[in-house]
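Try each task before you read its solution.

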Amino acid sequence: MSQINENQNIENNDHSDDVDMEDILDIMGSRTRREIINLLREEPMFVSEITKQLNIGQKAVIEHLRAMEEAGLLTSSYKKITRGRPRKYYDMPNDITVNITITHNVFNVNVSEDRLNQKQLPSGDEWSKLLNLEKKIDQGHYEAVEELKSQIRLYNNLIERAEYILERTYKQRNQFNQD
């Protein structure tokens, strides 16, 4: 076992109080928590969805989610569903970067959040459709590529139409202001 050197340091370069370096290291040390993070980076989910995906008891999932939410890694919100009471969804709203440097003289941990790149997901149906296509392609069903191309064309047409509406609105407003 090596001696502790005076030059060792542990830092948290994120100046916000939202994410603590010790909490992040604790979370990343748990395989179950890493699996939950992997699921939530794709889309927000509620507890029973996570439980099914990971084949883990609901009580354990809730404890892991609570710890990660307290650490500032996840957020939760309630969403209404067609039947029954609202469900609590969990999401990863920010990208977090963890850099660990271990050398003979240094032990340095930097944790930072990228608040400028907060996720803005499409509607649930469109997002689910896209994720299903991705899953099909990942499983080797390459016929889904044509469907993905079709979705891309649809999204591009929607973008073009939205830009046209925006441009038309600006022109009408400018014309109105000139009169």
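**Exercise 1: two helices meeting**

Keep in mind that this is a predicted model. Here, α3 and α4 pack with their axes 9 Å apart, at an angle of about 115°.

Task: Work out how α3 and α4 are oriented to each other, and find which residues of α3 meet which residues of α4.

Solution: 

- Step 1. Start from the angle, which is about 115°. Angles of 65 to 115 degrees count as roughly perpendicular, so α3 and α4 are roughly perpendicular to each other.
- Step 2. Now check the handedness: the crossing of α3 past α4 is right-handed.
- Step 3. Look at who touches whom. From α3 come Val47, Ser48, Ile50 and Thr51, and they meet Gln58, Val61, Ile62 and Leu65 of α4.
- Step 4. Sort that contact by class: five of its residues are nonpolar, three are polar and none is charged.

**Exercise 2: a pocket and its lining**

Task: Find how many residues line the second largest pocket, and which element gives the most to that lining.

Solution: 

- Step 1. Count the lining, and you get 15 residues, with Val47, Tyr78, Arg85, Arg87 and Lys88 lying nearest the centre of the pocket.
- Step 2. Trace where the lining comes from. α3 (47-54), α4 (58-70) and β3 (87-91) supply at least two residues each, and α4 gives the most, with six.
- Step 3. Finish with the classes: the pocket lining has seven nonpolar, six charged and two polar residues.

Definitions and conventions:
Residues numbered from 1 in each chain as written. Predicted model: local features only at pLDDT ≥ 70, side-chain atom pairs only at ≥ 80, totals over all residues. Heavy atoms only, no water. 1 Å grid on protein atoms, 1.4 Å probe; cavity = no way out; pocket = protein on both sides within 12 Å on 5 of 7 lines; lining within 4 Å. Helix = DSSP H or I, 4+ residues; strand = E, 2+ residues; numbered from the N terminus. Nonpolar A, V, L, I, M, F, W, Y, C, P; charged D, E, K, R; others polar. Axes fitted to C-alpha atoms, helices over the stretch in contact; angles between N-to-C directions. Parallel < 35°, antiparallel > 145°, perpendicular 65-115°, else oblique. Left-handed = near helix turned anticlockwise from the far one by under 90°. Contact = heavy atoms within 4.5 Å.
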